[in-house]
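Here are my notes on the model you sent.

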Amino acid sequence: MTNFFKRLIEPTPNGPEVADLIVRLIGAKISKTTLKKEIEEHPDYPSLLSIRDVFTSHGIDNIALKIDPDTLTDSQDPFIVQLKGNKKDDFFFSVVREIKSNQITYFDPQIHAWTISEQGAFLEKITGIVLLIEGGAEISEKDYDKKRQAEKQKKIAQYAGSLCIPILSIVLGIYYFLQGGFDMILPFVYLLLTLTGCGITILLIWYELDRYNPILNQICTGGKKINCGAILQSNGSKIVGFSWSSIGFSYFNSILLILILGGLENKIVLFMLSWVNILVMPYLIFSIYYQWRVAKQWCILCLSVLAIMTLQALAVSVDNWYGIYALKAITIGHVIQGFFAFTFSLAIINIIIVAFQKAKANNDNLTRLQKLKNNPVIFKTLLMGERKITINPENLGITLGNPRAKYKIIKVCNPYCGPCANAHKPLENLLQENDDLQIQILFTASNDINDIKNPPVKHFLALAEKYDEEHLKKALDDWYLSDVMDYKSFAAKHPIHKELKYQVEKIDMMKNWCDKIQIDFTPTFFISMNDNESNIDEYFQMPSLYSPNDFKYFFLQ
């Protein structure tokens, strides 16, 4: 039941779902939120490449292969595999957790559960495309604990918000039953039926808003003649601009409000609701006729609502609520109260529907725009339209990576700049994952005695002159990843003496270059994507639309 509720309120697409399963199995600390966002924003989503690139960007070693299914042998290492779906053109990604003694434990993406299958039967399902994973237990994203805590708080809020009214209603019903004895059984049953009606109409509204929810799809497309979409998207699904789903919710919710506020033992409330049941009976006839003769399709959720309304009428008849008073006992005040409860419910649910539609549209548009932004062709086109530098910064600053690389990035920064520090880790990860990349770091420091940037920059240059690249990377990590950028502590950890005095001219050359190029802010990035035959590096300023976190889509191998 918990799994059903989880998949209903927060469905996870196939790609992010299997990526999250793999991450949990290998023990890496990457939040589900991060995986979903990065995979869905990948320009090649929902392909296997989107999962592969996101894993690579986080430092998880992986390799995609096309294998002969018969070559699968016993293994305890999890990997991703592509499966054929029940329909001809359906394909899903799955996670194989273990292969042992001709039995395969894998995650069935169609039922969202771990399954054990005979190897022969499983091999008939796979296409041969796999993504092998190596290591990863040491991987941890920045602010992982905060993101996981936010996910847990969101889940608690969703459960609390969804269950508070049902629990309150049931507790109230039990209270009245204990107070009134067996006379309260049918009013209590009526309350439970009303609560169930609210739940089903919420599912109807949910399906109208998100027809691709996997749980609702399973419910609403269970047979040849069963198609909720055909009914909910038809001409007869609305009246005076309101959907029957929202009207149905308002009907049940207004009854729930009246029962809770008026009390289950209140005879006039029960009498009034009995006549409300009579008034809605024509809708049952209309709905059944429309599905049977007009649409010629059946909506399971709609039929469930009709069943609830029928059971309500039955409960009313058995207890003879119609005969409690004469009809004239219903005053204009009662009518106004009932009308207000209904219109209030209708107004609130439609406000929520409109807000949800706007939020969903904005989120979908943002994801589509992000996918376009992350497209390498679009990035390169925008890059070529930016400012081109005319003075080559060769031999200036610090150079890391492959000097003959196809891709080169110049980072102009300030050692005390926060955004410069934030850009350090993404660039370091990029350099680690790509052998065809060079990163050149220049600084805006000067030899002015009052320039606080001078000592650390002079130190960086001296370290670059004295030690190898790995030592320099470690020193830059110690500076940029520390909570406090304190030069005295840094100098004590990485002692340099006579080499410092040889860095004055280098700083002057960097400062002159920065002045001529007119560096107005830090960090400023210039990028060369050398596709020409002349092997001449042409640097263009990074478009303002992008940040170093976006580079992973353009320079990963």
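1. **A pair across the sequence.** D550 and K373 meet through their side chains in a salt bridge, with 3.2 Å from N to O. Keep in mind that this is a predicted model. D550 sits in the loop between β13 and α20 (552–555), while K373 belongs to helix α13, so the bridge ties together parts that are 177 residues apart in sequence. Are these two residues buried or exposed? D550 is buried, and K373 is buried too.

2. **Another pair of this kind.** K408 forms a salt bridge with D537; their closest N and O atoms are 2.8 Å apart. K408 is part of strand β10, and D537 lies in the loop between β12 and β13, so this bridge links parts 129 residues apart in sequence. What about cover? K408 has 9% relative accessibility and therefore counts as buried. D537, at 23%, counts as partly exposed. The limit for buried is under 20% relative accessible area.

3. **A pair within one helix.** E470 and K473 also form a salt bridge, and here the closest N and O atoms are 3.7 Å apart. How far apart are E470 and K473 in helix α17? They are three residues apart, so about one helical turn separates them. E470 is exposed, with a relative accessible area of 53%. K473 counts as buried, at 18% relative accessibility.

4. **The overall count.** The salt bridges in the model come to 17. As background, side chains of opposite charge can pair when their charged atoms come close.

5. **The five-stranded sheet.** This sheet is open, with mixed pairing and the order β9-β11-β10-β12-β13. Its edge strands are β9 (398–401) and β13 (540–541), and each of them pairs on one side only. β9 and β11 (residues 437–443) run antiparallel and are joined by four bridges. Which residue of β11 stands opposite I398? I441 does. K408, from point 2, lies in strand β10 of this sheet.

6. **Helices on that sheet.** Helix α17 (residues 469–480) packs on the sheet and touches β9, β10 (407–413) and β11. The direction of α17 makes about 110 degrees with that of β9. Point 3's pair, E470 and K473, is in this helix. Helix α19 (residues 504–517) lies across β10, β11 and β12 (524–529). It runs at about 95 degrees to β11.

7. **The six-stranded sheet.** This sheet is also open, but its pairing is antiparallel, in the order β1-β6-β2-β3-β4-β5. The edges are β1 (61–66) and β5 (113–118), each pairing on one side only. On average, neighbouring strands are turned by 30 degrees against each other, direction ignored. In general, strands of a sheet pair through backbone hydrogen bonds.

8. **Strand pairs around β4.** Strand β3 (residues 91–100) and strand β4 (residues 103–108) run antiparallel, joined by four bridges. V96 has Y106 of β4 as its bridge partner. β4 is also joined to β5, by six bridges, and these strands run antiparallel as well. Q103 stands opposite E118 in β5. How many residues lie between the strands in the hairpin of β4 and β5? There are four, and H112 in this hairpin takes a positive phi near 55 degrees. Take a look at that turn when you inspect the backbone.

9. **Helices on the six-stranded sheet.** Helix α2 (residues 14–26) packs on the sheet, touching β2 (79–84), β3, β4, β5 and β6 (126–134). Its direction makes about 20 degrees with that of β3. Helix α4 (residues 48–57) lies across β1, β2, β3 and β6. The angle between α4 and β6 is about 5 degrees.

10. **A nonpolar patch.** Which residues form a nonpolar patch on the surface? They are F340, F344, I348, I351 and I352. Together they have about 510 Å² of accessible area. F344 is found in helix α13 (residues 332–373), the helix that also holds K373 from point 1. F344 is partly exposed, with a relative accessible area of 41%.

How values were computed: Residues are numbered from 1 along each chain as its sequence is written. This is a predicted model: local features need pLDDT of at least 70, side-chain atom pairs count only at pLDDT 80 or more; totals for chains, interfaces and linings use all residues. Side-chain values use heavy atoms; hydrogens and water are left out. Two strands pair if DSSP finds at least two bridges between them. Helices (H or I, at least four residues) and strands (E, at least two) are DSSP runs, numbered from the N terminus. Contact means heavy atoms within 4.5 Å. Axes are lines fitted to C-alpha atoms, for helices over the stretch in contact, and angles run from 0 to 180 degrees between N-to-C directions. Patches are made of residues with over 30% relative accessible area and no salt bridge: like charges are joined within 9 Å, nonpolar side chains (Val, Leu, Ile, Met, Phe, Trp, Tyr) within 5 Å. Accessible areas come from the Shrake-Rupley method with a 1.4 Å probe; for residues, only the protein chains shown count as cover. A salt bridge is a side-chain nitrogen of Lys or Arg within 4 Å of a carboxyl oxygen of Asp or Glu. Buried means under 20% relative accessible area, exposed over 50%, partly exposed in between (1.4 Å probe, protein chains only).
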